[in-house]
Amino acid sequence: MNHKAGYVNIVGNPNVGKSTLTNRLVGERLSIITSKAQTTRHRILGIVNEDNYQIIFSDTPGVLKPNYKLQESMLKFSRSALQDADVIVYMTDVVEKFDKNNDFLDAVKKTESPVLVVINKIDQTSPEQLDDLVDTWKQVLPEAQIFPMSALHGFNTDNLMVRIKELLPECEPYFSKDELTDKPTRFFVSEIIREKILLYYQKEIPYSVEVEVEEFKELKQQINIRAVIHVSRESQKGIIIGHKGAALKKIGTEARKDIEKFLDSKVYLQLFVKVNKDWRNKKNSLRNFGYELK
Ligand code: GDP
Ligand code: MG
């Protein structure tokens, strides 16, 4: 057997560029990316298939200290990513302090899997500062190999990929070779809508929202999609809808355009807003939305 396969898990604090890197390595736009922390809530697999290898990347929510049940589940996704990895990519950037999250870093140090440290966003620093940062990380994780990078501009991502392939164990493929991800199409549709909400609304609104695709119907000419935006309080409903429905209409249009690109089909998108009081703390709602709980 000359086939290699394995799980490459990308972990790190919120906003360092994990989703940007995953999308670049996978070559598809699977994870939504915004400048807001906690954009990624689930663990999302992106699969790269070639004749002689299969790499299963997993993009994780940033590590964080949970304030509500939703975040507990997000943290669980990140911790589980340390357990089943063949290669761990620990991502940091040129801004954050190396000791920002010591607990998680300790867990990274204890894993048996090889760790690659990516120092991202080097487009935002000087060579001298970068040298210092590389030295610091060499001390923090002496066993790890370090990759200064700009995931956004695609700088040094190739070298990371080469190293990952070297580290992959010999193994049969885990997934069929035509699979790109483990998540259903509906998931990506709801994520695209959530991305628009993250981009368009301020303050706590994006964090109070979950999107559920209630209907996904493929017709000859187009795909009909009906989605519900769940908010946790009555007052948020008005904000989402906006004056005479203008805000909802705007995100609906933007989301539809991206969904059409993603599905390569004409789409008819209907959006509704529902109040689902305090869903972020309700077990049933969270299960319904695909979060795992203790
Ligand atoms: P995640 O929370 O770790 O998944 O981070 P994202 O991938 O969502 O990225 C967070 C923000 O950092 C977004 O605004 C990205 O465009 C930005 N970003 C990602 N990579 C780079 C990079 O190499 N350079 C710069 N300047 N910004 C980046
Ligand atoms: Mg992310």
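Which residue forms a salt bridge with Lys 196, and how far apart are the closest N and O atoms? Hold that thought, everyone, while I cover the ground rules.

This is a predicted model, so local features need pLDDT of at least 70 and side-chain atom pairs count only at pLDDT 80 or more, while totals for chains, interfaces and linings use all residues. Residues are numbered from 1 along each chain as its sequence is written, chains are lettered from A and ligands numbered from 1 in the order in which they are written, and side-chain values use heavy atoms, with hydrogens and water left out.

Now, back to Lys 196. Its partner is Asp 258, and the closest N and O atoms are 2.8 Å apart; a salt bridge here is a side-chain nitrogen of Lys or Arg within 4 Å of a carboxyl oxygen of Asp or Glu. Asp 258 sits in helix α8 (residues 246-263) and Lys 196 in helix α6, so this pair ties together parts that are 62 residues apart in sequence. Helices are DSSP runs of H or I with at least four residues, strands are runs of E with at least two, and both are numbered from the N terminus. Asp 258 is buried at 15% relative accessibility, and Lys 196 is buried too, at 10%. By buried I mean under 20% relative accessible area, with exposed over 50% and partly exposed in between (1.4 Å probe, protein chains only). Shared partners then join Arg 29, Glu 195, Lys 196, Asp 258 and Lys 261 into one network of salt bridges.

Let's stay with α6 for a moment. Within this helix (residues 185-200), Glu 191 and Arg 194 are 3 residues apart, about one helical turn. They form a salt bridge with closest N and O atoms 3.0 Å apart, and both residues are buried. Why call α6 largely enclosed by the rest of the structure? Because 12 of its 16 residues are buried. The cover over those buried residues includes β2, β7 (210-218), β8 (222-231), α7 (234-241), α8 and β9 (266-275).

In total, the structure holds 16 salt bridges. Another one of them joins Lys 183 and Asp 182, at 3.7 Å from N to O, and here Asp 182 is partly exposed at 35%.

Last stop, the metal. Ser 19 (OG) and Thr 40 (OG1) coordinate the magnesium ion, ligand 2, at 2.1 to 2.2 Å. This pair links distant parts of the chain, 21 residues apart: Ser 19 in helix α1 (residues 18-26) and Thr 40 in the loop between α1 and β2 (44-49). Donors are N, O and S atoms within 2.8 Å of the metal (3.2 Å for Na, K and Ca), and water is not among the atoms, so sites may look incomplete.

Terms used: Contact means heavy atoms within 4.5 Å.
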